[in-house]
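Please read them beside the coordinates.

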Amino acid sequence: APQESSAERTRLDARRAEAFGRLDRVLAPTRFLRERLLEGGLAAERVELMACGIEAADLAALDAPRARPPGHRERRELRFGYVGGISKHKGVHVLIEAFAALRAPARLALFGDGTDAPYAARVRAEAAAAGAAWHGRFGARDLTRVLAAIDVLVVPSIWPENAPFVIREAQAARRPVIASRIGALPERACATA
């Protein structure tokens, strides 16, 4: 079996190299993806770094989250939010676990849905136990309303994401982003919209 796997890997590598050879230019939205493409055999002169565009007018019109006035003693609840697919690799369970351990006045709102029904049910139950609000599926037209309901976006992925649009959308809405240190997430979370 190991020899068959090796032969199959060699065949797939040759197929990829042949396909890459036919490309004049490849656009990569992050340095992370550009580096992976170069590792995969694309010539550096064929890979151009170019972020994907987003529609940001409505998002930019949102007011920035309110900060507590200096010297104000009452602690305002910080509103954390997750916006996206409810899948294992998105790490929503990690976020809920961290939120449950938080000892500061805060709220967590979860916006999204997924096709892995057992995982979604597990996450929904964990969210309820932790006191997080489950809002479920929303439409593209609702994104401005969703981002207006949070102060900080959390992207807790446990796999190497490339360029989630939600990070750029949150930044356009002046919402800071807390993201896992994996894949292109640090690159995107630290960039400006």
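1. The largest cavity has a volume of about 50 Å³. The model is a predicted one. Searching the whole structure turns up one cavity of 30 Å³ or more.

2. Which residues line the largest cavity? They are Pro29, Ala51, Cys52, Ala163, Phe165, Arg168 and Arg188. Sorted by class, this lining has five nonpolar and two charged residues, with no polar ones.

3. Next, the open space. The largest pocket holds about 180 Å³. Its lining is made up of Phe80, Val94, Leu95, Ala98, Phe99, Leu102, Val154, Val155, Pro156, Ile178, Ala179 and Ser180.

4. Which element gives the most to the lining of the largest pocket? That is α4, with four residues. At least two lining residues come from each of α4 (92-101), β6 (152-155) and β7 (177-179).

5. The class count for the largest pocket is eleven nonpolar, one polar and no charged residues. For the largest cavity, the lining includes two charged residues.

6. Now Pro65. This residue sits in the loop between α3 (57-60) and β3 (78-83).

7. What does Pro65 touch, leaving aside neighbours within four places in sequence? Pro65 is in contact with Ile150, Asp151, Arg174 and Arg175. Ile178 is 113 residues from Pro65 along the chain, and their C-alpha atoms are separated by 15 Å. Ile178 is also one of the residues lining the largest pocket.

Key. Residues numbered from 1 in each chain as written. Predicted model: local features only at pLDDT ≥ 70, side-chain atom pairs only at ≥ 80, totals over all residues. Heavy atoms only, no water. 1 Å grid on protein atoms, 1.4 Å probe; cavity = no way out; pocket = protein on both sides within 12 Å on 5 of 7 lines; lining within 4 Å. Points joined across faces, edges and corners; volume = space filled by probe spheres on them. Nonpolar A, V, L, I, M, F, W, Y, C, P; charged D, E, K, R; others polar. Contact = heavy atoms within 4.5 Å.
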